[in-house]
Amino acid sequence: MIFLNLKIARMAEELVLLTFWPSAFGIRLKIALAEKGINYEYKEENLWNKSDLLLKVNPVHKKIPVLIHNGKPICESLIQVQYLDEVWHDKTPLLPSDPYQKAIARFWGDYIDKKIYEQGSQICKTKGEEQATAKKEFIDTLKVLEGELGDKTYFGGDNFGYVDIALVAFYGWFHAYEKCGDFSIEEECPKLIAWAKRCMQKDSVAKSLPDHEKIYEFLLQMKEALGFE
């Protein structure tokens, strides 16, 4: 009876994701939702002409992604992943149940948030010595993550989870970083790329990440529009 009531309640729930297709932050949500098998409505945003809905549900930052659950907005991608894991706790756990291990996973998610996007962006926006510095910082960050991964299948061990989602969402951008910076991430961090390829064998990941060439083309268009050569 309890299971039936839970099922009926879930059927009545409404979940909407506002995002923009190349956004690694939005891709995190697509992967997490797929992992948990949660149905949702996808709404594509135009970041150059933001919808009234986006401005209403995220009035502070006015950024995607936004997850709207039964009319209530949740912002910031890692907070959203944690939210999904707590609300749909009976489906494919993404965070460890142990409080200490959960804190460690959140630490690495925060580390990824503070490093990868900004460092990758700097590679794409700069040249010469400034770009060389950005590449070194980016690779140093990946090597730290590679060290944390070690010989494990996934960051959490045998199970794909929170930290994997936090990082693999950027994998589609790696090709663009390499093209802009003229370097090979696989040569520098072979274990990390082997991990990414393992993640790509999962449908939840493979079906959520855009084609890397499409992302690179988008980046070139962005650079031209913003005046970066």
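## Cysteines

Buried here means under 20% relative accessible area, exposed over 50% and partly exposed in between, with a 1.4 Å probe and protein chains only. Cysteine 199 is buried at a relative accessible area of 0%. This is a predicted model, where local features need pLDDT of at least 70, side-chain atom pairs count only at pLDDT 80 or more, and totals for chains, interfaces and linings use all residues. Residues are numbered from 1 along each chain as its sequence is written, and side-chain values use heavy atoms, with hydrogens and water left out.

Going by cysteine sulfur pairs within 2.5 Å, there are zero disulfides. For cysteine 199, the closest cysteine sulfur belongs to cysteine 189, and at 15 Å that's too far for a bond.

## Aromatic pairs

Rings of Phe, Tyr and Trp (its six-membered ring) pair if their centres lie within 6.5 Å; planes under 30 degrees apart are stacked, over 60 edge-to-face and the rest tilted. That gives 16 aromatic pairs. Take phenylalanine 138 and phenylalanine 174: with centres 6.0 Å apart and planes at 85°, they sit edge-to-face. Phenylalanine 138 is buried at 0% relative accessibility, and phenylalanine 174 is buried at 5%.

Phenylalanine 155 and tryptophan 195 are also edge-to-face, with centres 5.3 Å apart and planes at 80°. Both are buried.
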